Amino acid sequence: MSVSPARLLDPVCAIARQAAEAILAVYAQDFDIVCKDDNSPVTAADLAAQRVIEDALRELTPNVPVISEEAVVAPWAERRTWRRYWLVDPLDGTREFVKRNGEFTVNIALVEDHRSILGVVLAPVTGDLYAAAAGQGAWRQRTLDDAREPLRTRVAEGVLRVTGSRSHGSGRTKTLLDRLGEHETFSLGSSLKFCVLARGDADIYLRLGATSEWDTAAAQCVLEEAGGAVLDLAGRPFRYNTRDSLINPEFIACGDPAIDWTRRLIDPEDPA
């Protein structure tokens, strides 16, 4: 019998904090940067956090497989049979880590039947932790000694607040966002963009271009349990492990799903 995501949440939060300690140990010193085949950077911190998380998850749930950015991914022929698995980005926002701006996170998600049912997002530098389990709501804990604050997205009205990537962007993104009318924008690294939506400090995050499933799964659970949504550009909810590729479609993350964001942003006659 599978353990409920609610019972797994506290142990996974503890694992994320252990990974953060491994990351900060590297962050405090000089480190080398290596480019992977896709030209994305990887550091000793990514690999150290990967080892901590994978070892701990295998001890916590020995029969649940793990997909992680910094590990060899099982072939589709095997993955397609999985009903439940862990989906991990041990250090989301490596570019921000390299810039030393603090805007990077540890992301751990539990996926079941293609949906993210548990999500933990931790910012190592500040200790800010966001967590959620399906049907249990979402909460934030600013430091280990602080109380857990329930998260709730806000109703989108007035001047919209739009968050976007610190290290990725395009003219096409601006063209689509201009269709919203008056709005203000601010940039953040990693999955923290989802977290500001979940806590009601922004309304929408439009991501055009490639991301991977481990970039979004943990934060999607947090945002959904806080009242928001993550949708592809056709307005369909995000699902995981549905095909060979682990690259996400382009998406809209929003705090107020009552608004038809796809209709507001995407003109079928002029899709930009």
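I started with helix H7, residues 213-225, in this predicted model. I asked how many residues of H7 are buried. The count is 12 of 13, so the rest of the structure largely encloses the helix. Buried here means under 20% relative accessible area. I noted some of the buried names, among them Trp 214, Cys 221, Val 222 and Leu 223. Glu 213, Asp 215 and Glu 225 are on the buried list too.

Next I checked the length.

Then I looked for a bend. Where does H7 bend? I found the bend at Ala 219, and its angle is about 30°. Ala 219 is also one of the buried residues of H7.

I went just past the end of H7. Gly 227 sits there with a positive phi of about 115°.

I moved to strand E10, residues 160-165. Five of its six residues are buried, so I wrote "mostly covered". Which strands pair with E10? One is E11, residues 183-188, which runs parallel to E10 and is joined to it by six bridges. Another is E12, residues 204-207, also paired in the parallel sense, over two bridges.

Last, I followed Thr 163. Its bridge partner in E11 is Phe 186. In E12, the bridge partner of Thr 163 is Tyr 205.

Conventions. Residues numbered from 1 in each chain as written. Predicted model: local features only at pLDDT ≥ 70, side-chain atom pairs only at ≥ 80, totals over all residues. Heavy atoms only, no water. Buried < 20%, exposed > 50% of the residue type's maximum accessible area, 1.4 Å probe, protein only. Helix = DSSP H or I, 4+ residues; strand = E, 2+ residues; numbered from the N terminus. Pairing = 2+ DSSP bridges. Expected span 1.5 Å × (residues − 1). Bend = angle between axes of the 7 residues up to and from the residue.
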